[in-house]
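Open the structure in your viewer and keep the selection tool at hand. The tour has two stops.

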Amino acid sequence: MNFVYDALPMRVVFGAGSLDRLPEEVEKLGLERVLVLCGPRQEAVGKRVAAALGERCGGILPEATMHVPVEVARRARGVAADLGADGCVAVGGGSAIGLGKAVALEQGLPVVAVPTTYAGSEMTPVWGLTESGAKRTGRDRRVLPVSVVYDPSLTLSMPVGLAVTSGINAMAHAAEGLYAPDGSPVVALMAREGIRALTAALPAIVAAPEDAAARADALYGAWLCGAVLGATTMGLHHKLCHTLGGTLNLPHAETHTVVLPHVLAYNGGTPDGGSLWRLEGELGAPRSLRELGMAAADIDRVAEVVAAADFPNPRPVTAAGVRELLHAAWAGDPPPASAAG
Ligand SMILES: NC(=O)c1ccc[n+]([C@@H]2O[C@H](COP(=O)([O-])OP(=O)(O)OC[C@H]3O[C@@H](n4cnc5c(N)ncnc54)[C@H](O)[C@@H]3O)[C@@H](O)[C@H]2O)c1
């Protein structure tokens, strides 16, 4: 057994009602004037957070959108500077947390994250910025949130469809962490437990969307999967989804959901691709790229781009292999039983 395990600093406050502990977290960090960041559709929860913070909140910017456009990042940095903010509280999914990271990257302001989806960005030192349609990403420890408040009650408002696709998006991090070249036994424990928790919680959420215990289990699983994402280098699945999202503007969590069973079958990963595909059917999740708006004519282009890219993967990646995989994912076919060679 040979491995390197480089633990990232991580402070997590978890549990229903833990939003009430946010002011204490902010105070503990010595922050006196934070900027609250959220998306336009989550302004109400952003305002709740601002109210809870009282005079430690300098302002709120409800402008976070997918993939952090540079214009929005610049506006957030400007507002933070004008307010004399000494930190940001990012409330929402990967988009809001990504905006907090964009401010941290340039101005060094610490980010406190309050995630409301299962995307996992709060556990990673990875930032992303989109300019003129092109997304740049990088790793920088300054953008890793200094504290993460996971309050499952904030996830109750996630519509079942989003909970399912976001949960499978999280499972993708764990699944790729299990075969990552920089994995370790500790990361594998987190990955397996994250997959287990989400596999159990998602059907329970579909059966009873108000089930608070199931929502908490799913968020717990998402935390672990996010930690795996932060600790390892992702492979074919994340490269494919990044390319599909970046070049064709396909929706993030849904794209992960459709592609994951096919990549798992290709790589011989865990969970088994066929089982996950069947589970997705039971959960009513999207299973074809066609229903997400992709044209079949784009398959070849995406396959060429992905095959030419440099990333680790347990099985060699060829344009022909990716093309075949994408054809099945596009059509909504089940993945082949044992594609891994
Ligand atoms: N840097 C990283 O490590 C990392 C990791 C994962 C994802 N990301 C990025 O994050 C983005 C995707 O994140 P996401 O899937 O969370 O999407 P998102 O943050 O864009 O949220 C999706 C939609 O769900 C809504 N929403 C969020 N929480 C809700 C809730 N509790 N109830 C009701 N509606 C809610 C949002 O308003 C938004 O309309 C992508 O840009 C992706 O690249 C980055």
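This is a predicted model: local features need pLDDT of at least 70, side-chain atom pairs count only at pLDDT 80 or more; totals for chains, interfaces and linings use all residues.

**Stop one: a pair of helices**

Residues are numbered from 1 along each chain as its sequence is written.

Select residues 252-267 for α9 and 319-331 for α12: they pack at an angle of about 140°, with their axes 9 Å apart. Axes are lines fitted to C-alpha atoms, for helices over the stretch in contact, and angles run from 0 to 180 degrees between N-to-C directions. Helices (H or I, at least four residues) and strands (E, at least two) are DSSP runs, numbered from the N terminus.

Next, select V258, V259, H262, V263 and Y266 in α9; they meet G321, L325, A328 and A329 in α12 (C-beta atoms, placed from the backbone, within 7 Å). This contact has 7 nonpolar residues, 2 polar and no charged (Ala, Val, Leu, Ile, Met, Phe, Trp, Tyr, Cys and Pro count as nonpolar, Asp, Glu, Lys and Arg as charged, and the others, Gly among them, as polar).

**Stop two: around the ligand**

Now select G93, G94, S95, T117 and S121, which come nearest of the 28 residues around the ligand (C-beta atom, placed from the backbone, within 6 Å of it). Color α4 (94-107), β6 (126-131), α5 (160-178) and α9, the elements that each give two or more residues to this shell. The largest share, 4 residues, comes from α4. The shell divides into 9 nonpolar residues, 18 polar and 1 charged.

Notes. Two residues are in contact if their C-beta atoms, placed from the backbone, lie within 7 Å.
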